[in-house]
Amino acid sequence: MVKLVAGPGVYICNECVDLCNMIIAEEPAAAFGAWDERPDDDLLAGLAKVQAVVAQADAAVHDYVDALRGRGISWTRIGATLGVSKQAAWERFSGED
């Protein structure tokens, strides 16, 4: 994975975009197979890709929080939206100790 495409509440990696393009073009896609059927190297490569997506998604969440705080949205509302307390949201995103 090289890029993560973001839309309103949606994130998709370039490899998934390629897969979607193959499906739309009616080209056969490679079978995924069960987790226990996949080679170790494939799983390790997939793990690295997922971690990269997590990092990009985390950066996007920080961007959203920064924009919302810039609009004066409370930590209470941000925390509620994220399913955490206002204190947990503040601790994660405020940048203050």
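**Entry 1: ground rules.** Helices in these notes are DSSP runs of H or I with at least four residues, strands are runs of E with at least two, and both are numbered from the N terminus. I am working from a predicted model.

**Entry 2: helix α2.** I began with α2, which covers residues 40–70 and has 31 residues. From its first C-alpha to its last I noted a reach of 45 Å, close to the 45 Å expected at 1.5 Å a residue. I then looked at what follows α2 and found Gly72, whose phi is positive, near 85 degrees.

**Entry 3: salt bridges.** How many salt bridges does the model hold? I have the count as 2, taking a side-chain nitrogen of Lys or Arg within 4 Å of a carboxyl oxygen of Asp or Glu.

For one of them I looked up Lys49 and Glu15, whose closest N and O atoms are 3.1 Å apart. Because Lys49 lies in helix α2 and Glu15 in helix α1 (residues 14–24), this pair ties together parts that are 34 residues apart in sequence. I checked the exposure of both partners: Lys49 is partly exposed at 33% relative accessibility, and Glu15 is partly exposed with a relative accessible area of 33%.

I next took Arg92 and Asp58, which form a salt bridge with their closest N and O atoms 2.2 Å apart. This pair links distant parts of the chain, with Arg92 in helix α4 (residues 86–93) and Asp58 in helix α2, 34 residues apart. Arg92 has 46% relative accessibility and therefore counts as partly exposed, and Asp58, at 28%, counts as partly exposed as well.

**Entry 4: a nonpolar patch.** Which residues make the nonpolar surface patch of about 270 Å²? I listed Tyr11, Tyr64 and Leu68. I traced Tyr11 to strand β2 (residues 10–13). Patch members must have over 30% relative accessible area, and Tyr11, partly exposed at 33%, therefore passes that cut-off.

**Entry 5: the second largest pocket.** I noted a volume of about 190 Å³ for the second largest pocket. Its lining is made by Val61, Tyr64, Val65, Leu68, Ile73, Arg77, Ile78, Thr81 and Leu82. I also recorded that α2 and α3 (75–82) each supply at least two residues of this lining. As a reminder to myself, an α-helix has 3.6 residues a turn, so residues three or four places apart point the same way.

**Entry 6: Gly79.** Lastly I looked up its separation from Trp90, 11 residues apart along the chain, and noted 8.0 Å between the C-alpha atoms of Gly79 and Trp90.

Technical notes: Residues are numbered from 1 along each chain as its sequence is written. This is a predicted model: local features need pLDDT of at least 70, side-chain atom pairs count only at pLDDT 80 or more; totals for chains, interfaces and linings use all residues. Side-chain values use heavy atoms; hydrogens and water are left out. The expected span of a helix is 1.5 Å times one less than its number of residues. Patches are made of residues with over 30% relative accessible area and no salt bridge: like charges are joined within 9 Å, nonpolar side chains (Val, Leu, Ile, Met, Phe, Trp, Tyr) within 5 Å. Accessible areas come from the Shrake-Rupley method with a 1.4 Å probe; for residues, only the protein chains shown count as cover. Buried means under 20% relative accessible area, exposed over 50%, partly exposed in between (1.4 Å probe, protein chains only). On a 1 Å grid over the protein atoms alone, a cavity is a set of points where a 1.4 Å probe fits but cannot get out, and a pocket is an open set with protein on both sides within 12 Å along at least five of seven lines; lining residues have an atom within 4 Å of a point. Grid points are joined across faces, edges and corners, and a volume is the space filled by probe spheres set on the points.
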